Amino acid sequence: MLGLSLALFGAALAAALAGIGSAIGIGVAGGAAAGVMTEDPNKFGSCLILQALPGTQGIYGLLIAFFVLNKLGLLGGAGAVDLTWNQGLQILASCLPIAVVGWYSAIWQGKTSAASIQMISKKPEAMGKAIILPAMVETYAVLALLTSILMLMGVQVG
Amino acid sequence: MSYIYAVSRLRGMENHILDSAFFSRLMDSAGIDEALKALGETSYSQWLTGTATGSASFDKAIDSEILATCEELEKFVPDKELLTIFRLPYDFHNVKVLLKGLFKVRGGDTEGRRYDLLSKLGTIDTEELTNAIETEEYGFLPYGLTDVIPQCWQLWDSTKNAQAVELLLDHQMFKAMLNVAESLKMPDVIQWVKFKIDAENLRSAVRLARMKYDSSKALPFFHEGGTIRADDMARLLNEPQETWSRILSYTDIGSVLGALNEQSDMKAALSDVSKALDDYLMKVLERAKYSMDSPANVLLYLLTKEAEARNMRVALVCVAGGLDREFGRRLLTNGR
């Protein structure tokens, strides 16, 4: 049972930490968007795109949590597989990249998005560049997602 | 509310600040009617009536615009003390106006009071301030005015020197500004206030040098609290002006004095140095532009708005009075 508990703890971390990061990031970008839109409501479309960018980490965390639950047989009603504590620990470790990187990168992506929102308030024509800057932060969240997926695929269970 | 919201909103508001191209166009207006027409598209139009052609009505309109800006910022800036730093000089201006009026009244000039010179931009309501000073009930007054106004009266009674009273109030104003800045614990803002004190001291030094003032008696003209000590400023008067920038090269503000070296005409030097110091104070705060949540952005916006107002005043007075436009252009500061 310890193995299963460790694996579930990993899934919970992936979904929770990445989700918390996304919530903070979107909150930061939302504050900036509200400020800009108070002066110019026509910028809603541009602001919404930039505000949504830090939300992806939460989705990546959820994806890994689903991946783990599926691996453990907890989805579809087949019943949980037996895990040693060592296997549980391996799954927990696999969840850590997206949990930690997702958490931090979402916050920083939120800050970059906020700066980009401020940029388009003065230079609306620079929307393309404004998206690229926070998207650079996304790279590392994607890398962490890939790492978590590859690690999980390597863990033998059942 | 957070500074991310506040700074983002200010970024939006900055789009409405009038740029140098607009002022250049305003200066080129054939007459005041054409200038007022150009102003019709700006936020100033709501304060300027069709009959406004004198500098007093321009001043009122410009004050109304800045006051409206301060009131708007008060709604969303998390630390109201940032606005206090900006508005505090107007409180001290009002105190000076009221005291000078009373000095004249005591001297027998019953028409000495100049309520028309009071500015609404101060943090203390002008009526309350007037009542407090006229009834000598200073107890509720902030920024150390409770203590400094009686000192002003004592100084006036013993010396009858209005300039000395002004200096005493200026010392207190900078002390209060620094106290407010330090209470905010914002390094950028504290540094800016210190540089502002340095700038004011340098301005005084240039003026005193122009008057060939005795350096041993100059210390009271300089304010404490800047990055350069007041007695070091006073000692500058012993040195030729072309060496000042080298003497102050250890400070950031020393570079501003470069303008002095190129000017032999002291009258021109004074206005150029004064303008360079204003630009320098803006430049110090402009570093905050690169931060999305620096509180210094609030101060930067207010100063940019104040510079815009100053430029507006210069342009309108030049156009209305038919003054030399080239001279007017030289007086315009770099707002936006």
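Across the interface of chain A and chain B, how many residue pairs does the rule find in polar contact?

Guide: The rule finds 6 residue pairs in polar contact across that interface, both residues being at pLDDT 80 or more. A polar contact is a pair of N or O atoms within 3.5 Å; within protein, one must be able to donate a hydrogen and the other to accept it, and residues adjacent in sequence count only if both atoms are side-chain atoms. On the side of chain A that touches chain B, helix H1 (2-39) and helix H4 (85-122) of chain A each supply at least two residues. H1(A) gives the most, with 8 residues. Helices here are DSSP runs (H or I, at least four residues; strands are E, at least two), numbered from the N terminus.

Before going on, some ground rules. This is a predicted model, so to speak a computed one: local features need pLDDT of at least 70, side-chain atom pairs count only at pLDDT 80 or more, and totals for chains, interfaces and linings use all residues. Residues are numbered from 1 along each chain as its sequence is written, chains are lettered from A and ligands numbered from 1 in the order in which they are written, and side-chain values use heavy atoms, with hydrogens and water left out.

Back to the meeting place. Chain A brings 14 residues to the contact and chain B brings 13 residues, where contact means heavy atoms within 4.5 Å. About 1200 Å² is buried between the two chains, and carbon and sulfur atoms give 58% of that. Buried area is the accessible area (1.4 Å probe) that two parts lose on being put together, summed over both. On chain A's side, Glu39(A), Gln118(A) and Lys122(A) lose the most area to chain B, together 51% of what that side buries.

Glu39(A) turns up again in a salt bridge: its side chain meets that of Arg9(B) at 3.1 Å, N to O. A salt bridge is a side-chain nitrogen of Lys or Arg within 4 Å of a carboxyl oxygen of Asp or Glu. Side chains of opposite charge can pair when their charged atoms come close.

Lys305(B) and Glu65(B) meet in a salt bridge at 2.8 Å, N to O. Lys305(B) sits in helix H14 (residues 296-321) and Glu65(B) in helix H4 (residues 55-76) of chain B, so the pair ties together parts that are 240 residues apart in sequence. Lys305(B) is buried, because its relative accessible area is 4%, and Glu65(B) counts as buried at 5%. Buried means under 20% relative accessible area, exposed over 50%, partly exposed in between (1.4 Å probe, protein chains only).

Asp170(B) also pairs up, with Lys96(B), their closest N and O atoms being 2.6 Å apart. This pair links distant parts of the chain, with Asp170(B) in helix H8 and Lys96(B) in helix H5 (residues 81-106) of chain B, 74 residues apart. Asp170(B) is buried at 15%, and Lys96(B) is buried at 17%.

H8 (162-184) leads us to a contrast: Lys185(B) lies in the loop between H8 and helix H9 (187-210) of chain B. Lys185(B) counts as exposed, because its relative accessibility is 68%. Its phi is near 55°, a positive value in a residue other than glycine.
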